[in-house]
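Biologist: Could you take me through the aromatic rings and what sits around them? I'd like one connected walk, with the cut-offs spelled out as you go.

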Amino acid sequence: MSTGAETLHALVVGAGPTGLTMACELRRRGLRVRVVDQALAPSRHSKALVLQVRTREVFEQMGVGDAVDARATAPASVTMTTRAGPLATFAFPAFPGRFTGPRFLDQSTTEALLYARLQELGGTVERGTKLVAYREHDGGVTATLATPEGEQEVAAAWLLGCDGAHSAVRRLAGIPFEGAPYEDMFDQADLKIRWDKPENSAFMFFREQGVAAFLPLPGGRHRIICIGGEHPKDDPTLAYFQGVLAEFAPQAEAHDPDWIVRFRLHLRMVPRMREGRAFLAGDAAHIHSPAGGQGMNTGIQDAFNLAWKLALVQRGAPPALLASYDAERRAVAGKVLRLSDALIRRALARSPTVKLLRNLAARYLLPRQAIQGRMAQVLSQTTISYRYAGTCVEARRWPHRGPSPGDRAPDLAGATPPLMVAFAATPWFSLVTLPGPTDDPRLAAEAERLAARWPDLICVIRVLRGPGPLPPGNVTASVVYADSDELDAIYAPRGPELCLVRPDGHIGARAPLARAAALEAYLAAQLGGAVAPGAR
C-alpha cells in the first residue's frame, strides 16, 4: 500500500455535476483538491436534463455560463393532455434579467463542461478509483483508495461525499439514508421522434394509469419517460415506447434510440449532512423523483454553498462557519423532496376522484398567469432563502423592503455592468453600496474601511445611480451604474446602505450606514482571522 505524499485540503469522492462543481469551487479558491470516481469513464448518457435559472446564475459565477448556454436548448412550453385532448399549456414565463428561463442540456454535456473548467483550474479526475475506508483523526482524515495500481492511503483535511445514491462516504460515515422506494417503476428512453409537434415543446400525457412525458433534448432528440401503469415484464424496448407514443400521437414514429433504461425511484434523505470531517452533497444526501427537474440543480447548489465555507475555514475562518451548511442546505433539500413527492403523486393518481380534480385544476387554474408565474419561480430555485436558518444578519429597521439577508441577491440586469457580472469577478464576499436618493461619500469610505480589515476577501462594489460614463470600456466591475427605477424596484434602499453578498450569491447582511457595526460584527464572525490566498 502506497501513501500520498502531500496532505490535501479536500478529497472529493464522485465526479458527477455535484463533485465537479465542488472541485472547481475549491480549486478556484486556491485549495489542493483530489477528485476520484470509481467509474472508468464519464457516463455518455443524458441522465438529468433541466438547468434551472438559479443554476445558470451559479454557472456564470463559476465561469462556465457561456459554454453551457451555447450547448443548451430553451424549452418553449409544457402541455398537459389526456386521451380526450389537451388540458392546459404551461408556457415558461420570462424572468427579468439575462437568465430568462430554464434550459435543457444532457447531464453528460454538463459534466464535460464542468470538467473542462476543472482542468483550466489545474485539476483532474482520477478514474477507476474507489474509496474503501477512511479514519478520522485530529486535523483531518486518512482515506484508503483502491486504484488501478493498488491500494493507496491519502491524507486530507476534509472528505467530501459527492458519490451519489450509493455513497461510500455516507456508508462509511455511518449516516442513515432515511426513506423508501416508490412502488412504481420508471422506464425511460432517449431517441428521435418523427411527428408534427412544435419544436422544443414538452408534453405530459396522463394515461389511464400512470403518466408519460415527452421532453425535447438538444440535437433534435426526445426523452420519453413512463411512470406508473403497466410495464413490460422484461426490460423496456423500442417497441414498448412506440406503443406508448402511439397512445399520445398515433401517427408518430420513435426511432434511433441511444439509451433505454429502467430503474426504481426512491424518496430518501439523510438526517444530517456532516459527520465530523466528512460532508455529503447531492444524491449522496437526498434523492427523489425527477418531477420538477430539481435534483441535479440541488446537488450543484449544495456544492456551491459548501465550497466557499470550507475554503475560508482552511484560510483561518472560525470552524463554526461550517455548521451553516447543514442548517441551510438540509432545509432546502427537505422542501425539494416534498415538492417532488407532491408532483409525482398527483401525476400518478389512481383514484377517479383525485384524477378528476387534478384534470380540472390543470384545465382551469394552470392557465392563469399568476399561477404559472408562481410555479415557475418555485421551480427556478430563485426563491430559495436561508433567512430562517439563523445564519444571516438583518440590521434594517422595519419594514424591510427588497430582498432580505438569506435571500439570493438579485441581479440589476439593466446596470452597467450587470450586478451579477460584478459578483462573478471575485470568489469571495461582495460588499455592495446601495445609495440613497443621492450619493453619500461616507458610504464608500465605510465600505473601504471594512474591506481593508480582510484584504482580498471583500470586494467593494459601488452602485451609483445614472447611466454611467461613455464609452462603456471605462466601466469596471467595482463600479456599477444602475437605473434608479430598477435599483429602487429590486433592492429598495431607504437610504445609504451596505449589502454584503456571500460567495454563493446569497445576501449575508444588510445594514443602513448608521448601523454598519452590525454588518462588521457579522463579518468578524464569518471570517475571523481568515487570509485570502492568491486569487485564481
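Modeller: Start with the ring cluster: ring pairs link W195, F203, F205, F214 and F248. A pair here takes rings of Phe, Tyr and Trp (for Trp, its six-membered ring) with centres within 6.5 Å; planes under 30 degrees apart are called stacked, over 60 edge-to-face, and the rest tilted. Keep in mind that this is a predicted model, where local features need pLDDT of at least 70 and side-chain atom pairs count only at pLDDT 80 or more, while totals for chains, interfaces and linings use all residues. Residues are numbered from 1 along each chain as its sequence is written, and side-chain values use heavy atoms, with hydrogens and water left out.

To count, NZ of Lys or CZ of Arg has to be within 6 Å of the ring centre and within 35 degrees of the ring normal. R29 does the like with W428, lying over its face at 5.6 Å from the ring centre.

Overall, the structure holds 12 aromatic pairs. F90 and F92 make an edge-to-face one, 5.4 Å centre to centre with 90 degrees between the planes. F90 is buried at 6% relative accessibility, whereas F92, at 25%, is partly exposed.

Helices (H or I, at least four residues) and strands (E, at least two) are DSSP runs numbered from the N terminus. Both W308 and F429 are buried.

That brings us to the packing. The largest nonpolar core has 93 residues, and M22, L26, L160 and L312 have the most contacts inside it. Helix α7 (residues 295–314) gives the most to this core, 11 residues. By core I mean a set of buried Ala, Val, Leu, Ile, Met, Phe, Trp, Tyr and Cys residues joined through side-chain atoms within 4.5 Å. Setting aside neighbours within four places in sequence, L312 is in contact with A317, L321, W428, F429, L457, L527 and A530, contact being heavy atoms within 4.5 Å.

Most residues other than glycine have a negative phi, and most peptide bonds are trans. W398 and P399 are joined by a cis peptide bond, omega about 0 degrees, and the bond from T416 to P417 is cis too, with omega near -10 degrees. P399 lies in the loop between β20 (393–394) and α11 (419–424), and P417 is in the loop between β20 and α11 as well. Q381 has a positive phi of about 70 degrees without being a glycine; Q381 is in the loop between α10 (369–380) and β20, and counts as buried at 2% relative accessibility. D256, in strand β16 (residues 253–269), has a positive phi near 50 degrees and is partly exposed at 49%.

How values were computed:
Buried < 20%, exposed > 50% of the residue type's maximum accessible area, 1.4 Å probe, protein only.
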